[in-house]
Amino acid sequence: MRASSPIEGVYLHVPFCDGKCGYCAFYSLSGRTGDIDDYLDALELELEAESRLHCYRRRTAGSKSALARLGAGRPRPVDAVGDCGTSSMQAAVSPQVPLAPRTLYMGGGTPTILTVRQLARLCAIPARHLDLRRLKEWTVEANPGTLDAERLAVLKAAGVNRISLGVQSLDDAVLARLGRRHTAAQAREACALIRAAGFRNWSLDLIGCVPGVMARQWAETVRAAVALGPPHMSVYALTSEEGSRLAGQIAAGDAALLDEEGQLACLHTAEQLLRASGLRRYEISNYARPGFECRHNVSCWRGESYLGVGCAAASHANHSRWTNAPDLDAYLQAARAGSMPPREVERLTPETEAVERLIFGLRMAEGVEPAGILAALDARNASLPIGVGRRRPRRAVTGTQQARRGEDAVALPGGSMEQSALGTHWATTFARLRREGLVRTLGGRRVLTARGRDLADTVAVELMP
Amino acid sequence: MRTLPNIRNFCIIAHIDHGKSTLADRLLMLTHTIEERNFQNQVLDSMDLERERGITIKSHPVTMKYVARDGVEYELNLLDTPGHVDFTYEVSRSMVACEGALLVVDAGQGVEAQTVANAYLAVENNLEIVPVINKIDLPSANPEVVARQIEEILSIPAADAPRISAKSGLGVADLLETIVQRLPPPKTRDDGFVRALVFDSVYDAFRGVVVYVRVMDGELKAGDRVDLMNSGLSSDVKEVGRFHPGMEPVPVLKTGQVGYLIGTLKSAGDIKSGDTITLTQHPAPEALPGMREIHPMVFSGVYPVNTSDYEKLKAGMDRLRLNDSAFTYQPESSVALGFGFRCGFLGLLHLEIVQERLRREFDLDVISTYPSVVYRVFLKDGTMEEIDNPIRLQDPSRIDHLEEPMIRAYIICQNENIGDVMKLVMDRRGVMDKTETLDGQRVMLTCTMPLNEILIDFHDYLKSVSRGYASMDYEHTGYVKSDLVKMDIMLNGEVVDAFSCIIHKDKAVYRGRQMCEALKDVIPPHMFAIPIQAAINKTVIARETIRAMRKDVTAKCYGGDISRKRKLLERQKEGKKRMKEIGSVRVPQEAFISVLKTTG
């Protein structure tokens with residue numbers, strides 16, 4: 001029996017912004033700053049309920065009647081996480097284990113548009129409901145123009161040890177085109193403030209592949225960003241996200257994205273310049289000096305559990321993914337009514353979970369170990385009754401054969417992949433991807449090549465069953 | 001010979017949309033064969049597909065009782081017929097069971113190509129033709145001109161042609177009188193033998209094979225033991241009946257009447273239209289003159305998109321075949337597409353309808369290969385073989401020459417489009433035989449063309465160069481020697497047999513380029529470059545390359561984005577699964593359609 005993994009990260013969403021960028025499709029609101037205090041109350045209520053539920057889950061075997069008892073105080077949809085307990089809880093034995101994340105992440109929106117007082121309130125919430133003794137990394141997202149020494153001091157005092165700064169460009173014309181509401185000078189100033197406040201670990205985001213930006217201009221932006229000294233950088237291509245203003249303009253023929261060749265050139269330029277300055281590409285769009293990788297995100301990509309709290313926040317735990325409804329009013333309303341926010345829940349079948357671990361893990365430089373993922377899949381399958389998201393084995397096998405197969409997979413990680421339909425598919429697909437120069441083998445691990453990183457989505461689609 | 005004065009057997013022939021089905025509906029109502037309250041448009045078109053597309057595919061006989069103004073009750077047997085050229089054989093099948101035909105012409109549109117083709121067919125079958133000018137209540141109606149066209153083009157007297165509006169009923173009561181007065185009654189030899197002509201058969205899931213018959217001599221009744229003289233089958237007669245318009249049993253089917261017979265026959269495929277039914281005990285000395293056997297003219301491979309649907313496809317085809325004896329199929333396999341069937345159709349519309357019925361009635365997604373006609377291949381050793389699949393073409397070194405089937409096409413168009421239409425015909429290797437003026441505005445072109453030139457998109461182009469006005473019909477005129485070659489399409493170096501076609505040498509380069517371009521547009525980039533080549537006898541004559549995909553999306557992918565991202569990728573995966581894997585290349589279904597489209 002395999003217990004679900006403990007919650008490694010907690011995410012708190014702050015959906016407020018001082019405006020909407022053209023490319024943005026995230027749930028963020030401008031002009032609702034009057035709701036911030038109520039929102040912080042609601043956020044705390046949800047975190048409290050989740051952490052109590054978590055304690056409860058860790059403590060008991062999770063029968064439905066017990067769940068109902070707990071639910072009397074704070075009703076939550078049973079299908080959200082509740083019924084996941086049946087198979088996975090038996091191994092959880094230790095009493096009174098509170099939620100003790102290794103990482104905290106406060107993102108948005110723009111958390112730094114909160115007033116100094118509100119920011120202090122926000123930062124005080126986690127300690128009241130979480131055990132922070134294991135905490136290694138606490139990130140807060142910030143935008144230039146909203147960050148000052150006072151706010152940075154509040155963050156520092158609360159225990160925040162990492163700032164992620166949304167710079168996007170160091171060219172005023174490009175910033176304006178992207179719909180950003182700050183200048184390059186403000187971005188430089190914010191970087192200086194972060195360093196002055198004593199933050200060693202911080203990140204700078206850039207958006208590349210903006211049409212109309214010359215190759216030399218882009219290279220200058222990247223060099224200038226490197227010169228600001230961030231130990232971590234994220235570089236994204238400008239993409240058309242459903243629901244963004246940009247997507248609308250593209251549909252109407254008023255805007256276009258850069259062509260394939262232009263995008264490649266742009267991202268390759270960034271990679272070369274960043275590598276030269278000691279920033280290693282540890283994920284498709286993320287670069288860091290060794291030791292400065294974002295633990296929170298790495299944990300998500302490795303398929304570990306995380307809890308997202310707040311309007312529109314997403315979570316992954318107990319073989320489920322759920323996302324709170326992107327609706328501030330509904331979120332506040334639920335809190336006033338003492339109930340959990342409306343959310344969409346997806347129960348992950350063992351196979352889906354295995355596929356997720358493979359394709360998102362593969363986005364990282366460390367790659368994946370398919371045999372280990374398959375072994376975990378076998379183990380979870382063995383703990384599930386047939387029919388509960390578990391498929392019957394495709395080939396007819398005897399009980400002994402099946403048992404032996406399971407043992408082999410667990411006992412010999414890195415051994416043969418070809419023990420299940422999924423394993424066979426992966427083995428043949430990886431062999432082909434290797435021939436095509438997209439994936440290479442490192443011991444039992446599979447790692448994307450440079451070309452594979454350019455085609456990561458295609459590689460992922462090939463590996464899906 | 002004895003005449004049966006109280007019976008009239010007739011059909012209605014018309015160009016599409018000239019009001020054939022509406023007139024049939026109106027006749028049924030006036031004779032109280034159906035009551036107005038039970039009325040549904042196009043009563044005789046029972047298939048959904050027929051009603052939707054406004055076309056008649058199957059023949060539907062119906063018997064009406066009519067008391068004429070002379071006080072005598074007549075029995076009128078109407079054999080409704082399909083209008084489209086693909087179903088000409090259905091028309092001629094019905095015609096052999098009739099003595100007369102109403103030739104319906106739209107008073108606004110005038111004589112059209114199918115009017116001409118169907119009128120010729122009626123003349124061939126020795127039918128008395130009564131022209132009927134319909135839609136005279138339309139503002140655009142010009143009955144005088146139309147009457148003159150009928151006389152000039154078809155040489156049928158039309159000065160006293162009934163002028164009606166089937167839609168409003170105007171003149172239809174008089175038309176019933178005309179039918180009685182001008183169409184000849186059937187005659188019988190009265191020689192003591194029973195002869196009934198089989199003109200169609202359908203399969204009924206509950207009752208078995210229902211045979212449509214016209215009794216020429218003698219009578220048929222339940223309990224009789226009958227022989228089918230040409231096929232050699234025999235059967236007990238379990239029931240005879242008439243169409244009112246539903247099937248209603250009667251004790252006896254009398255001389256001259258049209259009706260049905262249900263026997264102990266199991267498969268509609270056993271029954272050949274044109275066969276003669278006679279009594280086993282007292283067989284007629286000779287059969288009735290048969291009818292032209294139908295041969296499919298257009299062939300195409302039909303394959304399931306999902307290879308696992310093969311059995312389902314076979315079952316679907318078996319079922320269709322029961323009611324559509326013109327549709328033929330036999331198993332074949334393709335390197336590219338796996339297991340499927342080589343199917344024969346009467347024409348492209350027939351092909352399209354069969355595909356549509358497979359999709360609707362059997363929930364099947366199918367891919368069709370490039371359509372082909374039947375070519376005659378004369379080998380150097382003096383033998384000849386007929387091939388309906390380009391794959392079967394022998395090595396060119398063994399071939400002496402090829403022959404292809406020709407058609408005589410009748411095209412009617414507006415005067416101002418004549419240049420464009422002639423150019424289109426000549427582009428398709430056609431030769432103009434005759435140009436006739438219909439009236440001040442329109443001409444009829446008679447031309448000879450290879451059948452394979454009209455297979456794909458000729459109708460579409462004809463409509464487009466004539467801004468929708470031109471109409472066309474054709475008849476087969478036999479084979480001529482032609483300079484034909486087999487063209488292959490190669491994807492990533494491998495011949496895709498489903499795209500192979502036989503084509504005139506002069507058109508190969510042009511067509512090859514078109515096909516490569518079309519495929520380039522619909523096949524998505526892969527992780528490797530894909531050459532698309534057209535080749536004749538291994539010599540490449542056209543080439544396009546689909547460049548390798550070099551980059552896909554690089555967007556943010558944080559915790560909150562993972563399920564969204566996964567679902568996005570799952571959708572992409574579904575799309576890929578719907579494609580057909582040919583070698584290492586994934587080919588979307590549209591590719592099989594796109595190669596049929598050309599660009600001028």
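User: Hi! What should I know about the model and its numbering before we start?
Analyst: The model is predicted, so local features need pLDDT of at least 70 and side-chain atom pairs count only at pLDDT 80 or more, while totals for chains, interfaces and linings use all residues. Residues are numbered from 1 along each chain as its sequence is written, chains are lettered from A and ligands numbered from 1 in the order in which they are written, and side-chain values use heavy atoms, with hydrogens and water left out.

User: Great. How many helices and strands does chain A have?
Analyst: Chain A has 18 helices and 14 strands. These are DSSP runs numbered from the N terminus: helices are H or I with at least four residues, strands are E with at least two.

User: What area do they bury between them?
Analyst: About 3500 Å², with 54% of it on carbon and sulfur atoms. M527(B), K551(B) and R566(B) supply 21% of the area that chain B buries against chain A, more than any other three residues. Buried area is the accessible area (1.4 Å probe) that two parts lose on being put together, summed over both.

User: How many salt bridges are there across it?
Analyst: The rule finds nine salt bridges across the interface of chain B and chain A. It asks for a side-chain nitrogen of Lys or Arg within 4 Å of a carboxyl oxygen of Asp or Glu. One salt bridge in the model joins the side chains of D457(A) and K565(B), at 3.1 Å from N to O.

User: How does α16(A) cross it?
Analyst: The axes of α16 (residues 421-435) and α18 (residues 456-463) of chain A come within 9 Å and cross at roughly 145°. On α16(A) the contact is made by H425(A), W426(A), T429(A), F430(A), R432(A) and L433(A), and on α18(A) by V459(A), E462(A) and L463(A). Axes are lines fitted to C-alpha atoms, for helices over the stretch in contact, and angles run from 0 to 180 degrees between N-to-C directions.

User: Switching to strands: are the residues of β9(A) buried or exposed?
Analyst: Five of the five residues of β9 (residues 305-309) of chain A are buried, so it is largely enclosed by the rest of the structure. S305(A), L307(A) and V309(A) lie on one side, with Y306(A) and G308(A) on the other.

User: In what sense does β1(A) pair with it?
Analyst: β1 (residues 7-14) of chain A and β9(A) pair in the parallel sense over five bridges, and Y11(A) has G308(A) as its bridge partner. Two strands pair if DSSP finds at least two bridges between them.

User: What about the four-strand sheet in chain B, in what order do the strands run?
Analyst: The order is β19-β20-β18-β21 in chain B, an open sheet with antiparallel pairing. β19 (328-334) and β21 (366-368) of chain B stand at the edges with a single partner strand each, so one side of each is left without a neighbour in the sheet. The twist averages 30° from one strand to the next. Helix α8 (residues 348-362) of chain B packs on the sheet, touching β18, β20 (338-345) and β21 of chain B.

User: Last one: which residues are joined by cis peptide bonds?
Analyst: One cis bond joins G108(A) and G109(A), with omega about 20°. Another joins H244(B) and P245(B), with omega about -5°. P245(B) is in the loop between β13 (239-243) and β14 (247-250) of chain B.

Terms used:
Contact means heavy atoms within 4.5 Å. Buried means under 20% relative accessible area, exposed over 50%, partly exposed in between (1.4 Å probe, protein chains only).
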